[in-house]
Amino acid sequence: MVKFILNGEAVETDSTKNLLNFLRDDLNIKSVKDGCSSGACGTCSVLVDGVSKRACILKVPRLDGKHILTIEGLSEREKSVYSFCFAKAGAVQCGFCIPGMVISAKALLDVNVNPSLDEIKKALKGNICRCTGYVKIFDAVIMCAKYFRENIEIEWDDDRALIADDIIRPDAIEKTLAKSVYVDDIVIPGMVYAKAIRTKYPRAKVLDINIKKAKSHPDLIKVILAQDIPGVNKCGHIVKDWDVLIKKGDITRYVGDSVALVVGQKKETLNEICDLIDVSYEELTPLENPVQAMKSDAPKIHENGNILTIQHMKRGKDVDVVIANSKHVVKKHYSTPFTEHAFMEPETAIAFMDNDTVRLYTASQNVFDEQREIAPVLGIPKEKVMIKAMTVGGGFGGKEDMSVQHHAALAAFLTGRCVNVKLTRKESLLIHPKRHAMEIQMTVSCDENGKLTAIKAEIIADTGAYASLGGPVLQRACTHAAGPYNYQNADIKGTAVYTNNVPAGAFRGFGVTQSAFAIESSINLLAEMVGMNDFEFRLLNAIRPGQILPNGQIADESTAYVECLETLAPYYKKHKSVGLAGALKNTGLGVGVPDAGRCIISVENGIVHIRSGAARVGQGLDVVLLKIACQTLNIEPSKIVIKQPNTARTPNSGTTTASRQTVFTGEAVRVACEKLIEDKREKSISDMEGYEYLAEYSFDSDPITSTKKNPVSHVAYGYAAQMVVLDDSGKIEKVYAAHDVGNVISKTACEGQIEGGVIMGLGYALTEDFKYVACVPTATYAKLGLFRADMTPDIDVFLIEKNKSSKIAYGAKGIGEIATIPTAPATALAYYKLDGMFRQSLPLKNTAYKK
Ligand code: FES
Ligand code: FES
């Protein structure tokens with residue numbers, strides 16, 4: 001028997017579990033989160049005798065006599081200081097890492113209440129945050145220290161939330177105190193567990209699936225095979241090419257393919273049952289890259305061959321002629337790697353039957369996409385699949401596809417049980433789509449004065465085993481390949497190719513992270529040839545209002561790339577090894593794809609309820625919608641609640657992708673509030689009980705095939721310029737990020753998006769890689785190369801507001817994606833200036849981060 005003190009109470013147990021599972025499963029302590037189960041992420045941090053430790057690698061029998069503390073055991077004063085300061089500093093986005101961060105911060109502040117920034121970074125280096133870029137977490141810890149040191153009383157000042165006010169996010173307090181409910185925190189009596197058996201080989205024929213031995217296991221409920229699927233055995237966000245389960249006789253396409261779904265009584269014995277299922281395969285040689293997959297004699301991964309899509313964007317004169325007649329030409333090849341989202345919360349879904357309706361709790365980027373994909377698998381109308389979103393522990397594009405949701409629904413539908421399907425971090429890495437690896441051949445030219453004349457590019461994207469969002473990603477890579485510059489001759493061709501790698505799909509930047517690395521790097525060489533510095537070259541060619549973007553769209557009055565560059569001018573002059581890069585990124589789906597934001601607002605018990613299907617994945621949509629509503633209705637925030645997406649009650653507001661929700665759902669909320677105001681007149685909100693308003697905002701863009709001279713591809717573009725400064729040892733000393741964001745709705749949330757995007761961009765530039773050996777990923781969470789607190793440089797953010805008069809969502813533009821785009825090329829240029837080595841692939845080689 002082991003005895004220890006947990007949060008001041010004596011615990012006696014003979015459990016042999018690890019502390020994480022013991023706390024979560026046996027004691028229902030949910031502040032300790034399971035981000036990796038392998039000691040690599042810090043989400044499970046607890047204090048053991050005052051020292052921050054990772055509960056997932058501590059065995060309960062070794063804790064005899066120890067004092068253990070979790071968030072639940074903090075004093076009331078500590079709870080209010082940590083939650084207030086983390087919220088006030090804007091340190092909380094998805095929140096999944098935050099309880100662990102607080103524990104590590106407490107370990108420091110309990111012994112040093114006046115820490116330096118370096119001491120804070122060191123104390124937090126074991127805790128990964130994928131959202132915030134750490135900057136505001138450092139601010140929060142500094143603020144906590146001051147509050148403790150000076151015994152400052154907490155004063156809440158959130159009685160106003162107009163656009164101009166910088167209020168705290170409505171979800172920040174409960175996330176800090178671990179009161180937000182993520183799917184895996186849900187406990188339902190009688191809940192059982194399911195797990196998919198994945199193929200042993202990326203490409204293999206499934207010869208047999210023998211479940212005889214498994215049937216004798218006392219905890220087995222059911223083994224589900226492809227033939228048990230009542231509807232279609234396919235899903236897919238756009239192209240229905242992804243098998244729910246691979247059936248006997250079929251050929252697998254990647255190591256994440258499932259051949260059977262095992263439903264068992266207990267989480268603890270699920271692996272045992274899986275091990276009793278014998279699957280025999282005929283191993284086949286996988287197609288490891290697009291070159292192999294495009295060979296004429298390559299085996300077909302899908303019926304229609306190995307090409308998912310070809311995109312061709314051509315404007316202006318014959319580029320070969322223009323390039324031949326241009327004074328300066330740069331022709332280069334660039335390579336970018338697969339990268340992993342590494343959101344902190346691994347995928348989990350819970351499903352159960354409610355009469356003939358399947359109900360699910362999920363954490364995705366759109367509950368309506370899940371409904372649309374799951375219903376055909378079950379062979380039932382989509383109204384019979386009801387989905388409620390729980391708190392989402394980060395997405396970044398990696399939670400747009402089916403991973404666990406369809407399996408949970410299928411298991412519940414076929415067994416009638418309440419079923420939890422949760423991926424281990426190892427499975428998560430193997431299964432969900434990654435950022436595309438791309439090979440980019442690019443030729444760019446300019447005249448003797450440095451004016452850009454033409455671009456010709458060919459992009460080959462490895463889209464892996466299934467389509468996911470490979471088509472739109474490739475299209476954005478192509479449409480943005482010319483960068484935020486004013487030249488009219490472009491010929492850009494892209495091909496997305498199926499291989500036996502993990503599928504590639506949406507990831508923050510959506511294809512533009514890749515093509516921006518190519519164009520921004522080439523521009524540096526052109527500037528050099530002309531004899532200009534790269535700053536002047538960019539300024540000379542920068543797109544300005546009224547000019548025509550390389551895709552034909554006329555840049556509108558809000559276009560502020562020049563302002564972004566000019567903001568950075570003084571700092572460019574100040575530093576030596578400084579790399580600059582620019583970017584543009586669309587807001588919204590655009591290119592003729594139907595795109596609408598919707599919401600319902602209703603008055604219930606004197607409170608305005610805002611309901612929208614727009615997923616909040618940590619990006620701060622709650623605070624945006626709250627402020628838009630407060631501004632429009634002129635009421636205090638305590639009179640408004642924002643409800644989670646729920647297919648039963650919230651209208652479909654599209655996927656949280658393409659930096660679209662602030663504009664699309666934000667505008668829908670504004671319109672709905674205006675409708676309410678119209679009726680309100682002399683009434684007070686409490687006189688309007690039961691009033692309800694549905695509003696929609698949609699934007700009709702021109703399709704990519706439009707023959708218009710100046711098609712309008714997107715409702716808006718955001719622009720950015722970032723500068724990366726190296727110290728003499730080659731470490732990143734500072735990053736400056738100037739972003740054209742339209743009107744700022746929430747300054748803190750906007751800065752947080754940019755800081756998080758920059759750190760993600762630095763990882764992409766320097767340390768992150770998702771490698772394979774023969775189509776089998778070799779990465780572990782610890783080896784992904786994610787930036788940690790102690791690697792974080794200073795980041796200065798500048799928000800450029802040029803569109804304040806626009807009515808649409810009060811003039812906001814999207815910020816989520818563009819924040820990551822210019823960082824890698826800016827970093828590459830900084831190293832080029834430091835050591836003269838022009839690097840054409842990511843992550844950059846021979847840096848202080850990677851020798
Ligand atoms: S869950 Fe323990 S360190 Fe990641
Ligand atoms: S807030 Fe840190 S991982 Fe999301």
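## Exercises on burial and aromatic rings

At 4% relative accessibility, Phe96 is buried. The model is predicted. Keep that in mind while working through the tasks.

**Exercise 1.** Find the ring that pairs with Phe96, and classify the pair.

*Solution.* Start with the partner: Tyr182. Now place the two residues. Phe96 is in the loop between helix H2 (76-89) and helix H3 (98-109). Tyr182 is in the loop between helix H6 (172-176) and strand E6 (192-198). They are 86 residues apart, and the pair links distant parts of the chain. Finally, check Tyr182: its relative accessible area is 2%, so it is buried.

**Exercise 2.** Classify the ring pair of Tyr134 and Phe138.

*Solution.* Take the distance: the centres are 6.3 Å apart. Take the angle: 15 degrees between the planes, so the pair is stacked. Then check burial. Tyr134 has 0% relative accessibility and counts as buried. Phe138, at 4%, is buried too.

**Exercise 3.** Decide how far helix H14 (residues 470-479) is enclosed.

*Solution.* Count first: 9 of its 10 residues are buried, so H14 is largely enclosed by the rest of the structure. Among the buried ones are Val473, Leu474 and Arg476. Next, look for packing partners. They include strand E13 (307-315), strand E19 (437-446) and helix H15 (512-530).

**Exercise 4.** Identify the ring under the charged end of Arg435.

*Solution.* Arg435 sits over Phe507, with its charged end 3.9 Å from the ring centre. Lys434 lies over the face of Phe770, at 4.7 Å from the ring centre.

Notes: Residues are numbered from 1 along each chain as its sequence is written. Chains are lettered from A and ligands numbered from 1 in the order in which they are written. This is a predicted model: local features need pLDDT of at least 70, side-chain atom pairs count only at pLDDT 80 or more; totals for chains, interfaces and linings use all residues. Side-chain values use heavy atoms; hydrogens and water are left out. Buried means under 20% relative accessible area, exposed over 50%, partly exposed in between (1.4 Å probe, protein chains only). Helices (H or I, at least four residues) and strands (E, at least two) are DSSP runs, numbered from the N terminus. Contact means heavy atoms within 4.5 Å. Rings of Phe, Tyr and Trp (its six-membered ring) pair if their centres lie within 6.5 Å; planes under 30 degrees apart count as stacked, over 60 as edge-to-face and the rest as tilted. A charge sits over a ring if NZ of Lys or CZ of Arg is within 6 Å of the ring centre and within 35 degrees of the ring normal.
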